[in-house]
Amino acid sequence: MWKSISQVLADQFGAYYNIKEKNKVPGGEVNETWLITDGIQPVFVKVNERSYRSMFRAEADQLNLLGKTNTIRLPQVYGVGCSQNHSFLLLEALPISQQSNATPHFAEELAKLHQVSGTKNYGLDFDTWLGPEYQPNKWNGSWAKFFAEQRIGWQLQLCKDKGLDFGDIDLIIEKVKHKLSKHNPKPSLLHGNLWIENTAIVGNQTFTYDPACYWGDRECDLAFSELFQPFSAEFYEIYDRTFPIDKDGFEERKHLYQLYYLLNFSHRFNGSYINLTTKLIEELLLE
């Protein structure tokens, strides 16, 4: 595996990359993660079974897609590859100074990302992942239909497949469609997995990673960022000043968008997420 990684990095840097140090570092839920160096250029490595190459390719493509907007700050992609038994993703090793509470400048960068024009429909040219779970992104001209079916309905089915039954899936999908039926936001390119765990301070700038991109309602990024440990009040004030939020119905939509992430966390981690999810679904069905 390490020889294959060296070869990919040689293509990236234009010279043979001789790994002099490699240290296993704490990673996420799914992948093994390493920090390697040739004595000059440190590299962050995500490793998994060979079958995970498509997941790594999608992550690299999303980082490159977001990077082309010249808005938010992201780790540079050095390459994706395979050895006989493993697949890997090679990224810039960020000299993280602290876990982020999002610098004020990040609010402006996120607002600028959300203002990028690109499509009249919702979705993406390829499917992605939210954590370890597949996220479908089939294009749709209706935001209500896209979010109800490919976000809430999809997660409800994943929950049911894992023994968590939150009720009649078709009924919940129809409730979501009805709730969003008059909401037709301009599609924004979303990070899609934006919360404090996926941001970090590097120098005096906020970097973000582990995206789950698609073109959708920008309120989804804001909703998830507020769900567990919100960014600072100043962050949201600056965002709203840069790209004002439509206050009409935002609080109700926010809870609906947070439901998507709570469903995802419910079948991944169980615990209190199930209670929070149940409460939101009960409130939705009562309306």
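These legends accompany several close-up views of a predicted model.

**View 1**
Let's start with helix α9, which covers residues 272-286. How far apart are the end C-alpha atoms of helix α9? They are 22 Å apart, and this agrees with the 21 Å that 15 residues should span at 1.5 Å a residue. Look next for Thr-277, Leu-280, Ile-281 and Leu-284, the buried residues of α9. Viewed down the helix axis, these buried residues fall within an arc of 100°, so they line one face of α9. The face turned away from the buried side carries Asn-275, Lys-279 and Leu-286, which are exposed. Among the elements that cover the buried residues of α9 are α4 (143-161), α5 (169-180) and α8 (250-269).

Is Ile-172 buried or exposed? Its relative accessible area is 1%, and buried means under 20%, so Ile-172 counts as buried. Leaving out residues up to four places away in sequence, Ile-172 touches Ile-152, Leu-156, Phe-166, Gly-167, Ile-281, Leu-284 and Leu-285. As for Leu-156, it is 16 residues from Ile-172 in sequence, with 9.0 Å between their C-alpha atoms.

**View 1. Aromatic rings around Phe-265.**
The structure holds 30 aromatic pairs, and this view picks out the pair of Trp-195 and Phe-265. A pair of aromatic rings is described by the distance of the centres and the angle of the planes. For Trp-195 and Phe-265, the centres are 5.5 Å apart and the planes stand at 80°, so the pair is edge-to-face. Where do the two residues lie? Trp-195 is in the loop between β9 (188-190) and β10 (199-202), while Phe-265 is in helix α8, so the pair ties together parts that are 70 residues apart in sequence. Both Trp-195 and Phe-265 are buried, and Phe-265 has a relative accessible area of 5%. Phe-265 also forms an edge-to-face pair with Tyr-273, at 5.2 Å centre to centre and 75° between the planes. Finally, find Arg-268, which lies over the face of Phe-265 at 5.2 Å from the ring centre.

**View 2. A charge over the ring of Phe-243.**
Here is another arginine to look for: the charged end of Arg-218 sits over the ring of Phe-243. The distance from that charged end to the ring centre is 3.5 Å.

**View 5**
Strand β4 (residues 77-82) and strand β5 (residues 86-92) pair in the antiparallel sense, over five bridges. Together β4 and β5 form a hairpin, with three residues between them. How many of the six residues of β4 are buried? Five are, which leaves this strand mostly covered. Now find Ser-4 in helix α1 (residues 2-13). Ser-4 is buried, with a relative accessible area of 17%. Setting aside neighbours within four places in sequence, Ser-4 is in contact with Cys-82, Ser-83 and Phe-88. Ser-4 and Cys-82 are 78 residues apart in sequence, but their C-alpha atoms are 7.0 Å apart in space.

**View 3. Helix α3 and what covers it.**
In helix α3 (residues 104-114), the buried residues include Phe-106, Ala-107, Glu-109 and Leu-110. Ala-111, Leu-113 and His-114 of α3 are buried too. Which elements cover them? They include α2 (53-67), α6 (219-227) and α7 (233-242), along with β9, β10 and β11.

**View 4. Two loop residues with a positive phi.**
Asp-210 is not a glycine, yet its phi is positive, at about 50°. Asp-210 is found in the loop between β11 (205-208) and β12 (214-216), and at 26% relative accessibility it counts as partly exposed. Asn-270, also a residue other than glycine, has a positive phi near 60°. Its place is the loop between α8 and α9. Asn-270 counts as partly exposed, at 36% relative accessibility.

Technical notes
Residues numbered from 1 in each chain as written. Predicted model: local features only at pLDDT ≥ 70, side-chain atom pairs only at ≥ 80, totals over all residues. Heavy atoms only, no water. Helix = DSSP H or I, 4+ residues; strand = E, 2+ residues; numbered from the N terminus. Expected span 1.5 Å × (residues − 1). Buried < 20%, exposed > 50% of the residue type's maximum accessible area, 1.4 Å probe, protein only. Arc of directions from axis to C-beta. Contact = heavy atoms within 4.5 Å. Phe/Tyr/Trp six-rings, centres within 6.5 Å; stacked < 30°, edge-to-face > 60°. Lys NZ or Arg CZ within 6 Å of the ring centre and 35° of its normal. Pairing = 2+ DSSP bridges.
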